[in-house]
Amino acid sequence: MEAYLPKKNGLYLSLVLGNVNVTLLSKQAKFAYKDEYEKFKLYLTIILILISFTCRFLLNSRVTDAAFNFLLVWYYCTLTIRESILINNGSRIKGWWVFHHYVSTFLSGVMLTWPDGLMYQKFRNQFLSFSMYQSFVQFLQYYYQSGCLYRLRALGERHTMDLTVEGFQSWMWRGLTFLLPFLFFGHFWQLFNAVTLFSLARDPECKEWQVLMCGLPFLILFLGNFFTTLRVVHQKFHSQRHRSKKD
């Protein structure tokens, strides 16, 4: 009964939406909203792949780059709001996988304000290539995670409000370990981006504050993604070893 009573919005939702009640009062409504969230991520991921490819290989314009970064800001802002609503309605999203969308929003906002110039052009192609790869991996994750979640829900092993995430969680161990190399490669690409930006920030010709302010979020994303994924893998190996000793 408690699950169907209106809940007070958290700080973030209160700041964005005020006192609007976002509690969904039926299981069907909750599942429909969760399904809409998953479709939103899938469609936007495909659009981001196409736009990043266009900017990287077909167009070299700060205007189209700005449009791409604006889309990223809007996408991540929308994700944070939708995820907060889903958490309010019973979805169990681990802390880092929510927080990293706030970091990505900040990063995209800084990229949007970065003026065209020598430093921007030095990093532009690397960033667009990374964006393409990241969106491709996110598409793979959605495709395979959604199928895995469907099977686990049918077996009663997962909650109906569990979501796909842009990372690796314990329930993915069965059948989705092939995604780990793609994820770790993406994590180290984030580190490479951070190192590149810190190197550019030391260039005597660098005058833009955006260079350092983009490097820091990339470093935070690498540390959070890498160690969160590593912890899940370590816990799984540890639990499997513990079971084998019992047997």
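Helices α2 and α3 pack at an angle of about 165°, and their axes lie 11 Å apart. Axes here are lines fitted to C-alpha atoms, for helices over the stretch in contact, and angles run from 0 to 180 degrees between N-to-C directions. The two helices, α2 and α3, are therefore roughly antiparallel to each other. Angles over 145 degrees count as roughly antiparallel, under 35 as roughly parallel, 65 to 115 as roughly perpendicular and the rest as oblique. The crossing of α2 past α3 is left-handed. That term applies if the near helix is turned anticlockwise from the far one by less than a right angle; clockwise is right-handed.

The next pair is α3 and α4. Their axes come within 8 Å and cross at roughly 155°. That makes α3 roughly antiparallel to α4. Again α3 passes α4 in a left-handed crossing.

This is a predicted model: local features need pLDDT of at least 70, side-chain atom pairs count only at pLDDT 80 or more, and totals for chains, interfaces and linings use all residues. Residues are numbered from 1 along each chain as its sequence is written, and side-chain values use heavy atoms, with hydrogens and water left out.

Now the whole chain. The protein has 7 helices and 0 strands. From the N terminus on, its elements run α-α-α-α-α-α-α. Helices (H or I, at least four residues) and strands (E, at least two) are DSSP runs, numbered from the N terminus. Of the 247 residues, 47% count as buried. Buried means under 20% relative accessible area, exposed over 50%, and partly exposed in between, with a 1.4 Å probe and protein chains only. Among contacts between residues at least 6 apart in sequence, 76% join residues at least 24 apart. A contact means heavy atoms within 4.5 Å.

In an unreviewed UniProt entry, the annotation "transmembrane region" covers residues 40-59, 66-85, 97-114 and 209-233. These positions are given in the numbering used here, feature names are shortened, and annotations may be inferred rather than shown by experiment. Residues 40-59 are 95% helix and 0% strand, with end C-alpha atoms 26 Å apart. Residues 66-85 are 100% helix and 0% strand, and there the end C-alpha atoms are 29 Å apart.

What holds the most contacts inside the largest nonpolar core? The core has 44 residues, and those with the most contacts inside it are Met 111, Trp 114, Phe 123, Phe 127, Leu 197 and Phe 218. At least two core residues come from each of α2 (27-58), α3 (62-88), α4 (95-113), α5 (118-154), α6 (180-201) and α7 (210-246). Helix α5 gives the most, with 8 residues. A nonpolar core is a set of buried Ala, Val, Leu, Ile, Met, Phe, Trp, Tyr and Cys residues joined through side-chain atoms within 4.5 Å. Take Phe 218. Beyond four places in sequence, Phe 218 touches Leu 107, Phe 123, Phe 127, Phe 130, Gln 190, Asn 193, Ala 194 and Leu 197.

Ser 135 lies in α5. At 5% relative accessibility, Ser 135 counts as buried. Leaving aside neighbours within four places, Ser 135 is in contact with Thr 45, Leu 48 and Ile 49. The C-alpha atoms of Ser 135 and Leu 42 are separated by 9.7 Å, though the residues are 93 apart along the chain. Thr 228 lies in α7. Thr 228 is buried too, with a relative accessible area of 15%. Not counting residues up to four places away, Thr 228 touches Trp 96, Trp 97 and Leu 223.
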